[in-house]
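I opened this model to look up its sheet and a few backbone angles. My entries are below.

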Amino acid sequence: MNQKIASFAAESSPNATILILGSIPGKASLAAHQYYAHPRNHFWPIITELLAIDPASPYSARIESLKLAGIALWDVVKSCYRHNSSLDTKIDKNSIVTNDFPGFFLTHPNITHLFFNGLTAEKTFQKHVQPYIGTDRLIYHRLPSTSPAHAAMSFQEKLESWRILTKVLAKTLCV
């Protein structure tokens, strides 16, 4: 059964320099009203490690730490139909409505880097968003998905790939 789902508002501050994009929240995230809420998703363990955030801190504190670091968090897809699953492969590609990226970039002019949390986020952005916005100033990075469905890589391998985030942060702070 196809179910209509909708993503959350962006978690951001106007001074953000980095935007991390997922595709659309999974079932656990939708139920909890939190980004990356599935207990086996590696997003928060990776972020708390990279930014030296207490992993036991509440969701609101982790979000605030991201904002203070200059990182915005959002999804490419605003709404879509997905067949009774959390898997991106079950998204009805013809039902995709993307978030308002032109408006977002207007209110976040300091964003220089987009990090895609997995291939689906990147491909969806490339197909449905990138051709329609002027983003020549942006640098794109696809990172391995933190989803538990992406079990081909270990946590440690994903963490090492995601370390580029702290390198970019260090460069943007020096500018």
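**Ground rules.** I am working with a predicted model, where local features need pLDDT of at least 70, side-chain atom pairs count only at pLDDT 80 or more, and totals for chains, interfaces and linings use all residues. Residues are numbered from 1 along each chain as its sequence is written, and side-chain values use heavy atoms, without hydrogens and water.

**Sheet.** I looked up the strand order and found β3-β2-β6-β7, an open sheet of four strands with parallel pairing. Strands (E, at least two residues) and helices (H or I, at least four) are DSSP runs, numbered from the N terminus. Pairing requires at least two DSSP bridges between two strands. β3 (71-75) and β7 (139-143) each have a single partner strand, so one side of each lacks a neighbour in the sheet. Neighbouring strands are turned by 20° against each other on average, direction ignored; the axes are lines fitted to C-alpha atoms.

I then checked one pair. β2 (residues 18-22) runs parallel to β3 over five bridges. Glycine 22 has aspartate 75 in β3 as its bridge partner.

Most residues other than glycine have a negative phi. Which loop holds tyrosine 36? I found tyrosine 36 between α1 (27-32) and α2 (43-50). Its phi is positive, near 55°.

I placed alanine 52 in the loop between α2 and α3 (59-68). Is alanine 52 buried or exposed? Alanine 52 counts as exposed, at 70% relative accessibility; the cut-off is over 50%.

Technical notes. Axes fitted to C-alpha atoms, helices over the stretch in contact; angles between N-to-C directions. Buried < 20%, exposed > 50% of the residue type's maximum accessible area, 1.4 Å probe, protein only.
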